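My notes follow in the order I took them.

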Amino acid sequence: MQNITNKFIKGYDKNDTYYEYHLDKKNIPTIFIHGVGLNSSAWSLQKKYFKKNILFYDLLNHGRTKKSLKNINYQNLSLQLNNLINYLGFKKINLIGFSIGSLIALQFCSNFNKKINKLVLISSVYKRSKKEKDLVFSRYQLALKGSSISDIAIKRWFSEKYLKENPKIYKKFYKILEQNKKENFLPVYKLFTKSNHEKINFNKFTFPTLIITGEKDINSTPKMSVKLNKKIKNSQIKIVKSMKHMAYYEKSKSVNIEIKKFLK
């Protein structure tokens with residue numbers, strides 16, 4: 001383990017999980033969990049905005065994390081985070097999860113609720129309808145057959161106008177997705193088709209929670225967020241107008257302000 005300083009540090013824990021942080025000893029750290037097929041670089045705009053008391057890491061089977069599993073479940077991913085927290089000696093954390101990251105955050109909070117100060121769930125699925133389940137599973141089957149779903153994903157995540165005006169962003173996320181090894185990506189994407197909410201003990205969610213999603217997100221719909229808001233007692237909801245799945249990135253300025261206000 002490396003000493004916590006005022007500099008942004010990159011490293012690995014004893015389980016080969018890659019992480020980056022900029023922390024101090026006085027404040028509660030905020031940990032960000034990325035989405036399926038992405039890595040910690042997907043939080044680049046949050047890294048620039050929040051600057052300190054933040055930690056980003058790569059999930060199992062993703063990015064620079066060296067460990068991968070052929071069969072993976074939410075418990076594996078929750079324990080990965082817990083091992084990282086223990087390794088760095090954190091007693092309390094703020095936790096921010098995006099997409100599958102929010103599902104991992106829910107699992108973690110159900111198991112280790114006493115370690116949570118505040119929770120932010122971004123673009124989280126909750127109780128998908130049969131049609132919604134079929135759609136996500138059909139995308140998994142395309143990937144299973146060897147088809148690239150990167151272009152489809154990015155166009156589903158961002159608004160058409162934003163992609164036209166920001167071709168470099170399209171290239172950035174396309175490159176991240178295309179760099180995934182099939183044998184690593186598919187087990188996690190298959191897991192994402194299963195939301196796992198039946199195993200979450202929401203009675204343990206006594207900490208403040210902020211739920212954010214895009215108004216036009218067909219993956220993590222506003223209806224899902226409203227249901228989740230009703231399920232989590234001490235929670236509030238923010239619907240980002242006109243945005244799709246990557247609302248936190250496309251509208252980073254307003255979303256970051258909301259998160260900062262909430263964490264304070």
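Predicted model: local features only at pLDDT ≥ 70, side-chain atom pairs only at ≥ 80, totals over all residues.

**Entry 1: second largest pocket.** I began with the second largest pocket, which is lined by 13 residues. Thr30, Phe50, Lys52, Asn53 and Leu263 lie nearest its centre. I sorted the lining by class and got 5 nonpolar, 5 polar and 3 charged residues. The volume came out at about 290 Å³.

**Entry 2: largest pocket.** Next I turned to the largest pocket, with a volume of about 380 Å³. I found 26 residues in its lining. Nearest the centre are Ala143, Ile149, Ser150, Leu177 and Phe185. The largest share, 5 residues, comes from α8. By class I noted 12 nonpolar, 9 polar and 5 charged residues.

**Entry 3: strand β6.** I looked up β6, residues 116-122, and found 6 of its 7 residues buried. What does β6 pair with? Strand β5 (residues 93-98) runs parallel to β6, and 6 bridges join the two. Here Leu95 stands opposite Leu119 of β6. Strand β7 (residues 209-214) also pairs with β6 in the parallel sense, over 4 bridges. In that pairing I found Ile122 partnered with Ile212 in β7. I also followed the chain from β5 through helix α3 (residues 100-111) to β6, and these make a right-handed β-α-β unit.

**Entry 4: Leu38.** Last, I picked a loop residue. Leu38 sits in the loop between β3 (30-33) and α1. Is Leu38 buried or exposed? Its relative accessible area is 1%, and the cut-off for buried is under 20%, so Leu38 is buried. I listed its contacts, leaving aside neighbours within four places in sequence. They are His62, Phe98, Trp157, Phe173, Ile176 and Leu177. Leu177 was already in my notes, among the residues nearest the centre of the largest pocket. I also checked Lys190, which is 152 residues from Leu38 along the chain. Their C-alpha atoms are separated by 15 Å.

Notes. Residues numbered from 1 in each chain as written. Heavy atoms only, no water. 1 Å grid on protein atoms, 1.4 Å probe; cavity = no way out; pocket = protein on both sides within 12 Å on 5 of 7 lines; lining within 4 Å. Points joined across faces, edges and corners; volume = space filled by probe spheres on them. Nonpolar A, V, L, I, M, F, W, Y, C, P; charged D, E, K, R; others polar. Buried < 20%, exposed > 50% of the residue type's maximum accessible area, 1.4 Å probe, protein only. Pairing = 2+ DSSP bridges. Right-handed = clockwise from strand over helix to strand, strands pointing away. Contact = heavy atoms within 4.5 Å.
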